[in-house]
Structure formats: C-alpha cells, structure tokens
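Subject: Structure handover

Hi,

Here is the structure you asked to look at. Please open it first, then read my notes below.

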Amino acid sequence: MSHHKTHVLYFFLLICTGCILNIFSVPVQADLTVELLQNAKNGDAESQYLLSLYYSQGKNVSKNKTLSLHWLVKSAKQEHAPALHDLAHFYETGVNLPEHNIHIPQNFQKAVQLYHKAAQKNHFPALNALGNAYLSGQGIKQDPAKALQCFQRGTILGDAAATRNLGLLYMHGNGVSQNALRAFQLFLTAAEKGDTHAMNLVAFQYMQGKGVTQNYDEAIKWHQKAASLGDSEAQYQLGLHFISSNTVNKDVAQALHFFLCAAAQGHPEAQFQISECYYYGTGIPTDIKKSLFWLQKAANNGSADAQYNLACHYAKGEGVPKDIHLAFFYYQKAAEQGLPEAQFNLGICYLEGDGVEQNLEHALNFLTLAAEHGHEDAKKVLQSLSQDNQKK
C-alpha cells in the first residue's frame with residue numbers, strides 16, 4: 001500500500017470517529033474559499049491546513065477525505081504545528097475498518113516524531129501528547145522527567161490541560177516529589193481556565209481533604225460547574241451525591257437526572273446506577289426490563305459491577321432465559337477487571353464445571369485471587385478444599 005493511501009486511510013478514520021483535535025471556526029463564504037484555495041496552492045501552510053479542515057467538515061465545499069488529507073500532508077510538510085499534530089494523531093490511533101477490508105497498524109514512533117516537531121513550536125496539544133507519550137513509554141523510552149518538562153512548558157505558556165497534567169504528576173509523585181498542595185493549586189488554576197477534568201480533580205481533593213481543608217460544599221460546586229459544561233464524570237459524581245443516604249442533600253430525582261445525563265454520553269457506571277434504580281424501584285417504579293436494558297449497556301461499556309450483575313441474572317434466569325455459558329462469560333469479564341465477587345463465582349464455575357469444562361487449577365487460581373481481595377467465602381472454600389486434600 002502506498003504512503004499516500006496510508007495517510008488517506010488514517011484520515012478516513014479520523015472523520016468517522018470525529019477525532020479532529022484542532023477544529024476551530026473557519027469562514028464559509030464562497031469568495032473566501034476561493035481565496036483560501038489560491039493561497040494554499042501558492043504554498044501558504046496555514047491556508048493549506050484550513051483548507052484541509054474545510055474538506056473534512058464540508059464547509060462550503062463537498063466533503064472529500066482524499067483532498068482533506070492531501071492539504072493536511074502539504075501543511076505538515078511545511079511543519080505547520082496544528083497539521084503536524086493532527087497527522088501525528090492519525091498514526092497514534094491506527095486504522096481498523098474491516099467493513100472496508102482495511103487494517104493499518106498503529107505507529108507510535110512516527111506519531112511521537114510528529115508530536116515532537118509540533119511541540120518544539122510550543123503547540124499545546126502536541127506538548128501534552130508528547131508528555132503523555134513519555135509517561136506511557138509508547139513510541140519512545142518512558143521518561144517521567146521529560147514528561148514533567150513538557151507539562152511545565154505548557155503550564156508556563158498558559159495551557160490548562162498541561163497545568164492539569166502537571167498537577168497529576170504532583171498528586172501521584174510521578175517524576176517529582178508527591179505534593180498534594182501543589183497538585184491542588186495546579187488543578188485549581190486549570191479549573192479556573194475552564195478545564196472540566198481539572199474541575200473534577202479540584203472537587204475530589206476538596207472531598208478527600210487532600211492538599212486543602214475538606215469541604216463538601218466546594219466539592220459539589222466544582223462538580224456542578226463541570227456538569228454544566230457537559231462533563232459526564234461530574235454528572236455521575238453529582239448523581240452519587242444526591243442519591244447517597246448520608247447526605248442532607250439527598251434528592252433521588254436530581255440523582256436520576258444527573259445519571260441519565262451521564263448515561264446518555266455512554267458513562268458505564270451511570271448506566272449501572274440507572275439499572276439499579278429500576279431494579280430496586282429507587283425514585284422510579286420497578287421495571288426489570290428497563291433495568292436489564294441499562295445493565296446490558298453498562299456491561300457492554302465495561303462496568304465490572306454491571307458485568308457481574310448480568311452474569312447473576314443469567315445464572316438464575318432472572319428476567320432473562322437461564323444461560324450458564326453467558327453467566328460464565330460475564331463473570332469472566334468482571335473477574336478480569338479484578339472484581340472479587342466475580343473471581344469467586346468464576347472459581348466456583350471452574351470447580352463445578354458450570355458453563356465451562358471443570359478445571360481445578362483454574363478454580364484454585366480464581367478463588368485465591370478472590371481470597372486475596374478479602375472475599376470471605378473464597379477463603380472458606382479454599383480451606384475446605386485444602387482439608388479435603390489432606391484427608392486423601
């Protein structure tokens with residue numbers, strides 16, 4: 001496959017997933033489009049990048065993935081920072097479009113090279129992407145100290161995301177001495193610039209009293225700010241706050257409102273909470289079908305609690321036809337995420353041959369994992385098995 005076709009495929013993925021990271025308001029008048037095209041043809045890198053956005057969005061021109069990628073590559077070749085960043089993102093995500101018989105492996109090394117070029121021009125998103133690459137070690141040798149440098153540069157330049165990421169390094173003591181107060185100060189600075197992730201982190205530190213005097217009212221205030229800006233995690237946290245029995249502000253209707261807002265954005269734990277509300281009739285009439293609808297959504301989106309509960313439904317045949325194989329499947333999904341109850345039940349499945357071929361070794365492995373997580377029934381079963389073995 002040619003180099004040009006590879007770029008086209010990466011660009012196609014970006015359009016499909018809506019992942020263009022540097023989209024901003026561009027003019028749409030026809031005369032400006034003609035002028036932009038002429039400037040791009042004359043080699044102006046900014047015009048080439050804007051024209052790429054035009055074609056990707058269909059702004060006053062017909063959408064054209066190939067032409068969009070064409071102008072993006074031209075702009076990137078001139079080391080235009082936003083173009084370098086977007087092209088790097090294509091390499092970072094890779095392409096897997098089986099319906100088009102297309103599979104392009106990720107190329108983290110190439111992505112890092114392009115991020116590095118853009119970061120040298122103090123492009124905020126590239127600085128953050130490069131810092132994250134140094135933290136994860138993807139495409140480059142892991143180096144928390146260099147990640148720190150990237151985030152420090154971004155912070156000095158006034159970037160909210162870099163400031164928040166620098167705060168996370170101080171929070172976890174990654175590449176720097178752990179300092180909860182410094183972390184809080186950085187989160188607060190980023191939050192005041194409108195970064196919703198930072199708002200949630202400020203709320204968390206107020207809730208936990210880390211780096212700041214514990215203050216639940218301030219925590220709720222910052223979650224509300226983030227939620228009003230559409231942040232699903234903040235909406236979920238507010239839902240938990242309003243449904244909690246130990247708060248004077250308990251309001252089930254408000255809790256459901258925030259859970260639904262977060263669930264509509266695909267938040268798996270919010271979807272699980274809605275399922276629980278329907279199952280137990282919390283604030284709404286009991287409805288097993290609706291409970292299972294949201295439970296399935298949450299399980300599909302990766303909620304370990306939802307996967308475990310769904311497994312229990314299939315094991316008992318509650319609201320669904322009894323299916324020990326599906327029960328085993330969802331126990332396994334939840335167990336892989338470290339849920340002790342699922343590890344215990346999976347161990348029992350292997351011990352008794354429910355939904356899977358009997359395997360004592362696997363049973364002992366999962367029962368041991370559950371016991372190590374404090375699961376009392378797992379400890380009892382292991383003790384019983386040990387005693388039975390000693391009698392033989």
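Of the 392 residues in the protein, 44% are buried. Buried means under 20% relative accessible area, exposed means over 50%, and partly exposed is in between, with a 1.4 Å probe and protein chains only.

Some ground rules. This is a predicted model, in which local features need pLDDT of at least 70, side-chain atom pairs count only at pLDDT 80 or more, and totals for chains, interfaces and linings use all residues. Residues are numbered from 1 along each chain as its sequence is written, and side-chain values use heavy atoms, with hydrogens and water left out.

**Overall make-up**

The protein has 21 helices and two strands. Helices (H or I, at least four residues) and strands (E, at least two) are DSSP runs, numbered from the N terminus. Now take the contacts between residues at least 6 apart in sequence: 47% of them join residues at least 24 apart. Contact means heavy atoms within 4.5 Å.

**Salt bridges**

Side chains of opposite charge can pair when their charged atoms come close. A salt bridge here is a side-chain nitrogen of Lys or Arg within 4 Å of a carboxyl oxygen of Asp or Glu. How many salt bridges does the structure hold? There are four. I describe some of them here.

Start with K117 and E79. Their side chains meet in a salt bridge, at 3.8 Å from N to O. This pair links distant parts of the chain, 38 residues apart. K117 sits in helix α6 (residues 108-119), while E79 is in the loop between α4 (65-77) and α5 (81-93). K117 is partly exposed, at 35% relative accessible area. E79 is partly exposed, also with a value of 35%.

Next, D195 and R164. Their salt bridge has an N to O distance of 2.9 Å. D195 lies in the loop between α10 (180-192) and α11 (196-208), and R164 lies in helix α9 (residues 160-172), so the pair ties together parts that are 31 residues apart in sequence. Are these residues buried or exposed? D195 is buried, with a relative accessible area of 10%. R164 counts as buried too, at 13%.

Then K221 and E218. The closest N and O atoms of this salt bridge are 3.1 Å apart. Both residues lie in helix α12 (residues 216-228). They are three residues apart, about one turn of the helix. K221 is partly exposed, at 33% relative accessibility. E218 is partly exposed, at 23%.

**Helix packing**

Two packed helices are described by the angle between their axes and the distance between the axes. Axes are lines fitted to C-alpha atoms, for helices over the stretch in contact, and angles run from 0 to 180 degrees between N-to-C directions.

Look at helix α19 (residues 340-352) and helix α20 (residues 360-372). Their axes come within 8 Å and cross at roughly 160 degrees. That makes α19 roughly antiparallel to α20. For the wording, angles under 35 degrees count as roughly parallel, over 145 as roughly antiparallel, 65 to 115 as roughly perpendicular, and the rest as oblique. The crossing of α19 and α20 is left-handed. Left-handed means that the near helix is turned anticlockwise from the far one by less than a right angle; clockwise would be right-handed.

Which residues of α19 and α20 meet? From α19, they include F344, L346 and I348. From α20, they include F366, L367 and L369. By class, this contact has twelve nonpolar, three polar and no charged residues. Ala, Val, Leu, Ile, Met, Phe, Trp, Tyr, Cys and Pro count as nonpolar; Asp, Glu, Lys and Arg count as charged; the others, Gly among them, count as polar.

Now helix α17 (residues 304-316) and helix α18 (residues 324-336). They pack at an angle of about 160 degrees, with their axes 8 Å apart. α17 and α18 are therefore roughly antiparallel to each other. Their crossing is left-handed. Among the residues that meet are Y308 and Y314 in α17, and Y330, Y331 and K333 in α18. This contact divides into twelve nonpolar residues, one polar and one charged.

**Two backbone points**

E79 comes up again. It has a positive phi of about 60 degrees although it is not a glycine. N122 also has a positive phi of about 60 degrees, and N122 is not a glycine. N122 lies in the loop between α6 and α7 (124-136). At 35% relative accessibility, N122 counts as partly exposed.

Best wishes
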